[in-house]
Amino acid sequence: MRLYSASSEETLRARKLLADWAGEGFLTQEQYQRLKQETVCELRTTNIFLRIVLFLFTLISVCAAAALFLSVFLPHSSDQTNGIFLLICAALSYAVAELAVSQGHLYRYGIEEALAVCSVGFLYAGMQAAFFSGTSYSPNPNAFHSLVPAVCALFSLWIWRRFGLRYAFPAAMIFAVFLPAYWTSSHSAQHVIVSLVYAIGLIGVIAVRSRQHSDYGGDDYSPAEAFLWLGIYLAINLQLSSLDLPPHWWGGGTRAVSEFASSFYWTTWALTWLLPPVGLVRGLRRKDRFVIAVGAIVTVLTLVTNKPYLGWPRHTWDPMLLGILLAAIALFIRRWLAHGPGGIRAGFTAARLSGKDKQWMNASSAVFGLMTPQSITPSPQTTSPGVRFGGGASGGGGAGGDF
């Protein structure tokens, strides 16, 4: 099912670890060069900046080519004809993406990623235009119309497994969010359905991860599990999943109570307090950084949305108190880990053991520098042309004058 062989991906992972260890001083340059020669891989990779540039260039080029073809050869065609053309574009984009990997040996190169993304976009637009463009809007749910997001969700999952693109998995989750609206008009039922869909996916991911015995095998499933934990939490937290509610946080959460049954509302409130510790325990047991990070994020979100849930008024000093609390917890955990035997407790340490974080920080600094060049570029200094330094003289050489 996977387009890349396991040995090739393991070799690339080993090369990244070698570069990381050499950068941290764990390997000498001679050792690094010798081990690097032993981990030669045929896959072609690039850095993150060129990857983004190639992704955007390919994405714009493919979309522009499809739009140009439509405007030149099909200027007055029907929606069904345009939809069929977009479906053909989806098939061509996916086929070229497969060829780019199988023949060009591209791996996270940006080009094959953009082609795969275009195939999903063309599929969605093509199905919508070909099958449902002439149907009139009806407020009543129609299960047949859910075919488009369902197919796109399954296709996104296929791309996630086939190409190993991590962002294809949350794309499938986003498509799944729109499914319940075609099945029922009850907002409570929609939240429950989305939660159940994500919970079923979470059970499946956990079952697959439990059968894997290597750290490498769980690299793809770790972000997927973290996204599912986050998706379940967002689905049950009514203060976050309803987009029109955040503007009313400062005035309380009475509006949310009126939109849902009282028993359902307070059940979701209780679940927002139960889910974060469960996710944190799961992440700590597996030493999974993604799941631990999501557990910490949803814990903060629970603290932030607790007052709106209870209908209590918000105050301007609430963020300050939350920041003090989080800083105190972080300092306590850091000191607690540092005072363990050798600075380690249960396999966790506060010391930085890898250069990955430093690399991401350097990349983020470069991106922010490109986004806000005026904040780091010094302003030109004004000089007064009439001011001169003069009157200096060097003794012994007979030289004197202005300098």
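This tour moves through a predicted model, from a surface patch to aromatic pairs and charges over rings. Residues are numbered from 1 along each chain as its sequence is written, side-chain values use heavy atoms without hydrogens or water, and local features need pLDDT of at least 70, with side-chain atom pairs counted only at pLDDT 80 or more, while totals for chains, interfaces and linings use all residues.

Begin by selecting Trp273, Leu303, Leu325, Leu326, Ile329, Phe332, Ile333 and Trp336, a nonpolar surface patch with about 750 Å² of accessible area together. Helix 15 (residues 318–338) contributes the largest share, six residues; leucine 326, found in that helix, is partly exposed at 34% relative accessibility (partly exposed lies between buried, under 20%, and exposed, over 50%, with a 1.4 Å probe and protein chains only).

Next, turn to the aromatic rings, where a search of the whole structure finds 14 pairs (ring centres within 6.5 Å; planes under 30 degrees apart are stacked, over 60 edge-to-face, the rest tilted). Phenylalanine 69 and phenylalanine 73 form a tilted pair, 4.7 Å centre to centre with 35 degrees between the planes, and because they are four residues apart in helix 3 (residues 48–73), about one helical turn separates them.

Then select tyrosine 124 and phenylalanine 175, whose centres lie 6.0 Å apart with planes at 40 degrees, so this pair is tilted too. Tyrosine 124 is in helix 5 (residues 111–132) and phenylalanine 175 in helix 7 (residues 168–177), so the pair ties together parts 51 residues apart in sequence.

Finally, show arginine 108, which lies over the face of tyrosine 107 at 4.3 Å from the ring centre (CZ of Arg or NZ of Lys within 6 Å of the centre and within 35 degrees of the ring normal).

Terms used:
Patch = residues over 30% accessible without salt bridge, like charges linked within 9 Å, V, L, I, M, F, W, Y side chains within 5 Å. Areas by Shrake-Rupley, 256 points an atom, 1.4 Å probe, with all protein chains shown as cover. Salt bridge = Lys/Arg side-chain N within 4 Å of Asp/Glu carboxyl O. Helix = DSSP H or I, 4+ residues; strand = E, 2+ residues; numbered from the N terminus.
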